[in-house]
Each structure stands twice: as C-alpha cells, then as structure tokens.
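Q: Please take a close look at one part of this model: the nonpolar core and the elements packed around it. Walk me through it in one connected answer.

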Amino acid sequence: MENLKKAKLQCLSDIREVLPLYADRLNAVDPRMMMYIEDAISNDGAHCNLYEALGIRKTLRLMDSYNLDPDRVKRTLRAIEGVWQQGKHVRGGLKFDTPRGNRHVRLMPYQAWCLLGIYYFVTEVDMERDYHQGDDLLPTELVRDGKVYDRRRLTTECHLFQTRKSGKTEFGAAIDFVEVCFLGPTNGQALICANSREQAKIAYKAIKEFASQVDPSCLNRAGGKFFRLTADEMNWQPGYKMKGDIKVMSAGGKKKDGLYASVVHADEHGS
C-alpha cells in the first residue's frame, strides 16, 4: 500500500511539473480538458486514484509522440452537445434524458476528456503499396515518398467506468450515433452488444430518441426523411451518401454474417 501511495505522489508531481507545457494545446481543444486535470490532481490527488493519474500522465506523453487531431474532438463535442455561449445552449446537439425531461446538456469535464482520449491521437499506417498517378485515395489516405499511408485513430479500444445512473449508456449511444450518422466513415456500422437483449435495447432506445430529434418522421412505419428504424436496427434511407447502420446484438442471439463494425459498443461489459 505504501508503495502505491508513493507511486501516486510521484505521478502527481510529474504531472504538475510538465502540465504548463501542455496547457495551451489542451485549452485550444476545450477548456474542460484542463479543468479535468486540475481537479484530478488537486488536494494531492484526492479526486483520482493511481490509475487515473497514470492515464493523465500517459496522455500528456502521447501528445509529444503522435500527430494530433483537435478538430475531430471539437466536432464530436459540437455534434453531441451543440453550441453553447455563456452557459446557455444556442443551437445544435442532442437532447438527453434528465430529471427535468429531455434537455440539451453540456458534457462534464471527465466526459469531454474521454472524447479527447478517443479522437485526439492519430497514427499513420503504411498500406504497403506504391502510389501511381491517377490512383484513387480514401479521404484518410496520403502519399509520402511514393508510398500510401492511412491516417487512423490511435485509440481503437476504450473502457468508460462511471458511477451508476451517471448516463454512461446514453453517453455511449451518443458516440455511436454521431460516429455512424455524421462524422465517421460513409459505410460505418455500430454494433450495440450486451449480455441480454433488454440491456442492449436500453442504448438502442437512446439511439431512437436521438434519431427522432434529427428526423421526427423516422418513427413512421415506412421510415422518415433520413432514417429507417426497426425494433433492432437503424439505417439511412436509400439515396443518401451515408450508408451506415446501427444494430442491436446480444449473447445467445442468431449468428450474423457480413458484419463490418466501425464502432462496437459493449454495454455493461463488466457484468
């Protein structure tokens, strides 16, 4: 136990020493990033455990090692919560279920920090092929020294641990929705997985609510202007550039072939 306490104090000391070097870049993404760190390390780290402090230190170190995509973080924040000015919602964003009904809410600093961890860091993957004049490139591909590289998120898997009734399922559903419907690849696919179909449908219920905010007519049997909804799946109407869909899956269900998920949302993964 004493060794863990010493390790935590050392980690907090490391963060405090170097944090001023990263403050401008973090604030340029969103001031809540610094708010989260400063709250976590205040009072000798009374608000965080060793592993959270290690995560903060690692994030700062990654900022010196990888390309950064602050615009992607900003776009995701804006898609989920909309535009806010002086503490008031101005436009855009999704409405969340709250004790006061469906409302636009600003994400808390730690939720904004979660999005930074997912979307901030970018790595370039060698596609192991040469570029020839006239070759078609994906929007994420680039050419360097005659070789084709693909820019991808460094983070491909993350675990969100939050207290009960803190909105983690709805927060995850918001990430699924904006990734598949607006900001992700044209043919993106999100799979909502859980141990039981009832649990998986809690997240899908939030997806349906978000879809109805964007396209109120989507709840009709024939679908709406943009989306079609069934009991287990949401997809785009034919004729749109976006071809993504969101599916509900659970343990013990029928096998499905041909799935190619860009997002897998494993709800209540620890249960």
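A: In this predicted model, the largest nonpolar core holds 62 residues. Leu-26, Met-33, Ile-37, Phe-177 and Met-234 touch the most other members. Take Phe-177. Leaving aside neighbours within four places in sequence, its contacts are Leu-94, Phe-182, Ile-207, Phe-210, Ala-211, Val-214, Phe-227, Met-234 and Ile-246.

Now the sheet. Five strands form an open sheet with mixed pairing, in the order β10-β11-β12-β9-β13. β10 (227–229) and β13 (263–266) stand at the edges. Each has a single partner strand, so one side of each lacks a neighbour in the sheet. From one strand to the next, the twist averages 20 degrees. β9 (residues 189–194) pairs with β13 in the parallel sense, over 4 bridges. Ile-192 stands opposite His-265 in β13.

Two helices pack on this sheet. Helix α6 (residues 168–183) touches β9, β10, β11 (233–236), β12 (245–250) and β13. The direction of α6 makes about 165 degrees with that of β13. Helix α7 (residues 197–214) also touches β9, β10, β11, β12 and β13. The direction of α7 makes about 165 degrees with that of β12.

α6 has a helix partner as well. The axes of α4 (residues 70–81) and α6 come within 10 Å and cross at roughly 110 degrees. That makes α4 roughly perpendicular to α6. α4 contributes Arg-72, Arg-75, Thr-76, Ala-79 and Ile-80 to the contact. α6 contributes Ala-174, Ile-175, Val-178, Glu-179 and Leu-183. The contact residues divide into 6 nonpolar, 1 polar and 3 charged.

Technical notes:
Residues numbered from 1 in each chain as written. Predicted model: local features only at pLDDT ≥ 70, side-chain atom pairs only at ≥ 80, totals over all residues. Heavy atoms only, no water. Pairing = 2+ DSSP bridges. Axes fitted to C-alpha atoms, helices over the stretch in contact; angles between N-to-C directions. Contact = heavy atoms within 4.5 Å. Core = buried A, V, L, I, M, F, W, Y, C linked by side-chain atoms within 4.5 Å. Buried < 20%, exposed > 50% of the residue type's maximum accessible area, 1.4 Å probe, protein only. Parallel < 35°, antiparallel > 145°, perpendicular 65-115°, else oblique. Nonpolar A, V, L, I, M, F, W, Y, C, P; charged D, E, K, R; others polar.
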